[in-house]
Amino acid sequence: MTRRVIVVVAAIAAVFATAAGTQEPQAPPLDAALVSTGAAVYAQYCASCHGTAGQAAPGWQQPNAAGELPPPPHDETGHTWRHADGALYGIVMEGWRDPFNRTDRLTMPPFAGVLSPQDARAVLTYLKTLWTEDQMRFQVEQSLINPFPPDAR
Amino acid sequence: MISTQTRAAKSACKAAFRFVFTLVAAFGPWWGSIAVEAQEAGGSRAVVGLAYDQATSALFKADDGAIYRSLDDGATWQPGLTVPEGGAIGAIAIAAQGGGLYAAGPGIGVLFLDGDGSWLARNGDLPTTNVTALAAHADQPATLYAYIPEFGIYRTEDAGGTWQLMDRGPADISHLIHSNMPGSMQTGWLYAIAGEGVQVSMDCFCLWRALGAFDAASTIAYDPANPTQLYAASRRGLFQSSNGGLDWEAVPSPPAEIAALLVAPSGTLYAGGAGGELYRSIDGAATWERVGD
């Protein structure tokens, strides 16, 4: 009887301790060196398609004359923040083709062999400076289950 | 240190649990039993939803008041399960990997059918029970999507324990399905009957796009064995797409106003009518037969 009471009390205490310690993930401060490197990478490789400030071109939501989606924005008006670090890294390095393209071309070209894993991580870190706090928090949460691969950390 | 007797007792309990669980899994929920009112199948109430549970080989159809089950591909139906008063069924969905049956609708929110035949509310922290569309993730058993017109599309990743508002989405969503068609930046795609048209978005809610040019679209379904294959019904009839909805062509339609569509894992296509009829096609909509009368 006494052991049962102790077990029950311990279980209740564990529940309260967990509840008290549980907090919404906070967006950690971004590494300034990574952001600086990433900004340079973005300017060289990404800005021509996605806009100098990640704003893309007007009408990006509609297919162009070739039946392909134009490059989307990477700032708070876009949807980059909705994806985990691992997913974004994969898209940058391997490219991506929109299944609704009218052509067989890749929608986003691959940058493996052009960018090092660390540079890919840097440019994605830079993009995070273009998001709102809420967007960054959401993205942090998504990245917990799909982080950057080991060679990019 | 655990005693030998205690270890033996625990093993016996585990064995008994596995035996009972196997029975429940094999025969499904205790249909038509406690806590719910049985209702005869058929009638003229519009079919609002169709679903197939691969784990139990059961076909489900719903009207706004009850859900019915068939174990012979729609030929015969067991008396239906009604939902709690004060609401109406607007959608049903089977969670992936044998995750069970969910029902949703205005006034009832999201309900889960428990193993003993009773409904469990799975509304979590949804702001209202005015859910007009429901979809189950094609692969993740605990992930569902619920649409509330006043707010948008919510997602749960813990079987309805908690919900997160993901996106405003297109307006007036009346039907929602989740597909695991390849090519998504996330885990799949959401197709919606919104207003009178069909729209699609990756399930990251990155961009909603209109598909086709439908006249009063009513419902949409995809082939789980070949997710690029879709069927959509509209006022002008039934249409199919073999490329995820990019292009559509008309196909023969059953002689009814189609209110619900379903492609079973076998490839059989089911169409539920606005007058309660059910048709099925085993040849990709080339021909139809009425079943379950």
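## Basis of the model

Residues are numbered from 1 along each chain as its sequence is written, and chains are lettered from A in the order in which they are written. In this predicted model, local features need pLDDT of at least 70, side-chain atom pairs count only at pLDDT 80 or more, and totals for chains, interfaces and linings use all residues, while side-chain values use heavy atoms, with hydrogens and water left out.

## Confidence

The model has an ipTM of 0.80 and a pTM of 0.85. Over residues 1-38 of chain B, pLDDT stays under 50. Where pLDDT is low, the predicted coordinates should not be read in detail.

## The interface

In chain B, 25 residues are in contact (heavy atoms within 4.5 Å) with 18 residues of chain A. The two chains bury about 1,700 Å² between them, of which 60% is on carbon and sulfur atoms; buried area is the accessible area (1.4 Å probe) that two parts lose on being put together, summed over both. M185(B), R209(B) and L246(B) supply 36% of the area that chain B buries against chain A, more than any other three residues.

## Salt bridges

Three salt bridges link chain B and chain A, each being a side-chain nitrogen of Lys or Arg within 4 Å of a carboxyl oxygen of Asp or Glu. One salt bridge joins R102(A) to D247(B), with the closest N and O atoms 2.8 Å apart.

How values were computed
pLDDT is the predictor's confidence in each residue, from 0 to 100.
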